[in-house]
Amino acid sequence: MHPRLHLIDGSGYIFRAYYAIRPLSTRAGLPTNAVMGFARMLLKLLREAQPQLLGIAFDTAAKNFRHDIYAAYKANREQPPEDLQPQFALIHELVEAMQIPVLLQEGFEADDLIASLCRQARAAQHPVTVVSADKDLMQLVDDEVAMYDPLGDRTFDAAAVEQKFGVPPGRIADLLALAGDSSDNVPGVPSVGPKTAARLLNAYGDLEGVLRALPTLAKLKAAERAVLTHQAQARLSQRLTRLDDHAPITLELDKLRYRQPDPERLGPLLHRLEAHGLLRDLAPNWRPPGSAPARGPDAACTG
């Protein structure tokens, strides 16, 4: 059997780690809670999944094709919290020291890179686990692609996605096209929520099936009238929420083969962050320059 490819939604987990861990900082005042939460998430995944093929995708600061389609895309998002901003670079430094292959492409979101590699991996008969809790990425789940959330310790297959949203994974983009997505400022259709969207899709198939069927009905509910009134907006929203699985990224298995963390790079970083527990877990034999040799496995670090 071909080895499973694990693809991590790095951008999504930065914010989840930040809000999941209480505020932490070094004695010098450097914030570290997002870095600590992110590192623990990675450590849990590496220990439990023991991946052979691994990549972590990040968004870039550049605008992408969705902004060209809809200028207000994600326009409602505030700047990251002040104490999170210095942690972005630290997280990237951590990922590089852990020798996890990084996936970046200007003009495309991390979700599109993951979708594109999922498509190529399936074609090469490699099963995939998407490491995320992002509802947009749930549209990728099928018999060969699962989603795993290490912070919530939950795995989603197609049945779990359908139970959560009321529609199968292949209809998530249609659901968000109708119901909208406030987190990304996707407008959707006024007066249509997720339950109404799921009801319409289960009755008439996909978004286009809904738009074809509604004019033939003798009596329309208010939400159904809204769909017909705002069908151009629904189609726009679908373009925003549907993942692009043909982003310019190529599945290169040799580059995605996971190597062990580099203690000579991790040690100084974790020492600087005063991450004593992580230092014991990830670089137990590393010593600060000038320190005495450790006398045993528990003497690598204190605190």
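The largest cavity in this predicted model holds about 60 Å³ of space, and the count of cavities of 30 Å³ or more comes to one. Its lining is made up of Arg 66, Tyr 73, Glu 109, Asp 111, Asp 136, Asp 181, Asp 184, Val 186, Leu 240, Thr 241 and Leu 243, a set that divides into six charged residues, four nonpolar ones and one polar one.

Of the 303 residues in the chain, 48% are buried. When contacts between residues at least 6 apart in sequence are considered, 70% of them join residues at least 24 apart.

A search of the whole structure finds four aromatic pairs, and one of them, formed by Tyr 18 and Tyr 19, is edge-to-face, with 4.8 Å from centre to centre and 80° between the planes. The two residues of this pair are set out below with their accessibility.

| Residue | Relative accessibility | Class |
|---|---|---|
| Tyr 18 | 11% | buried |
| Tyr 19 | 61% | exposed |

Tyr 18 counts as buried because its relative accessibility is 11%, below the limit of 20%, whereas Tyr 19 counts as exposed because its value of 61% lies over 50%.

A ring also takes part in an arrangement with a charge: the charged end of Lys 164 sits over the ring of Phe 165, at 5.7 Å from the centre of that ring.

How values were computed
Residues are numbered from 1 along each chain as its sequence is written. This is a predicted model: local features need pLDDT of at least 70, side-chain atom pairs count only at pLDDT 80 or more; totals for chains, interfaces and linings use all residues. Side-chain values use heavy atoms; hydrogens and water are left out. Rings of Phe, Tyr and Trp (its six-membered ring) pair if their centres lie within 6.5 Å; planes under 30 degrees apart count as stacked, over 60 as edge-to-face and the rest as tilted. Buried means under 20% relative accessible area, exposed over 50%, partly exposed in between (1.4 Å probe, protein chains only). A charge sits over a ring if NZ of Lys or CZ of Arg is within 6 Å of the ring centre and within 35 degrees of the ring normal. On a 1 Å grid over the protein atoms alone, a cavity is a set of points where a 1.4 Å probe fits but cannot get out, and a pocket is an open set with protein on both sides within 12 Å along at least five of seven lines; lining residues have an atom within 4 Å of a point. Grid points are joined across faces, edges and corners, and a volume is the space filled by probe spheres set on the points. Ala, Val, Leu, Ile, Met, Phe, Trp, Tyr, Cys and Pro count as nonpolar, Asp, Glu, Lys and Arg as charged, and the others, Gly among them, as polar. Contact means heavy atoms within 4.5 Å.
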